[in-house]
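Please look through the sequence and the model below before reading on.

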Amino acid sequence: MPARANRAPNFHPSVKMEYADRSFLAGKEAGYITDSDEKIIREYVWEKAATSHISEGRQLKVFYTLIRWRIFLLAPYLDLTYADVLNGIESLKRGKNERGNPFKKNTLHDYTRILKAFLLWMIENDRIELPEKKIRKIEVIGRDYDTTEPDDLLTHDDVLKLIEVCQQA
């Protein structure tokens, strides 16, 4: 039987949903996540999982991103105003990651895309009163497709050497 057949069925076998629990706990301990935030985020992600069949890894990304967003938003999700959303987006753009560096363009893209979808879901489900047309107009920050230089890629010879070394081990 090929080795592939013995692998875990998901692409990222180390992904565990308990990581979301830890992120919620850390957010609550740090004071930027409320019980109502946790409840609405979980409901959103569970609905996305049930209706769009997103993977556990994707669920964790959405959990983590929405939890981290609350650092930049001035109010709990269910109490947000349009001004809070705009201020939060600008705060994120000026913000820094955990290493103290400005956020990369792809991080800003993911954060704004996930927040926008979440806000539209809350509007659609009558959880929040925000101007839907204005939320739809929020532009998701573009992606940076040039994150890998050609010299960073493995050559055909590099791959063959790796395979040879693995076979010898």
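The points below go from the chain as a whole to single pairs of side chains.

This is a predicted model, in which local features need pLDDT of at least 70 and side-chain atom pairs count only at pLDDT 80 or more, whereas totals for chains, interfaces and linings use all residues. Residues are numbered from 1 along each chain as its sequence is written, and side-chain values use heavy atoms, with hydrogens and water left out.

**The chain as a whole**

- The protein chain has 7 helices and 0 strands, where helices (H or I, at least four residues) and strands (E, at least two) are DSSP runs numbered from the N terminus.
- Of the 169 residues in the protein chain, 34% count as buried, a word that here means under 20% relative accessible area, while exposed means over 50% and partly exposed means in between (1.4 Å probe, protein chains only).
- Among contacts (heavy atoms within 4.5 Å) between residues at least 6 apart in sequence, 62% join residues at least 24 apart.
- The accessible surface of the protein chain, calculated by the Shrake-Rupley method with a 1.4 Å probe, comes to about 11,600 Å², and 52% of this area belongs to carbon and sulfur atoms.

**Salt bridges and a network**

- Side chains of opposite charge can pair when their charged atoms come close.
- A search of the whole structure finds 12 salt bridges, each defined as a side-chain nitrogen of Lys or Arg within 4 Å of a carboxyl oxygen of Asp or Glu.
- Salt bridges link Asp 21, Lys 28, Asp 35, Glu 38 and Arg 42 in a network.
- Glu 38 and Arg 42 form another salt bridge, with their closest N and O atoms 2.9 Å apart, and both residues lie in helix α2 (residues 35-52), 4 residues apart, which is about one turn of the helix.
- Both Glu 38 and Arg 42 are buried.

**A pair between distant parts of the chain**

- Glu 98 forms a salt bridge with Arg 68, and the closest N and O atoms are 3.3 Å apart.
- This pair links distant parts of the chain, since Glu 98 is in the loop between α4 (82-94) and α5 (105-124) and Arg 68 is in helix α3 (residues 56-69), 30 residues apart.
- Is Glu 98 buried or exposed? Glu 98 counts as exposed because its relative accessibility is 65%, whereas Arg 68 is buried, with a relative accessible area of 18%.
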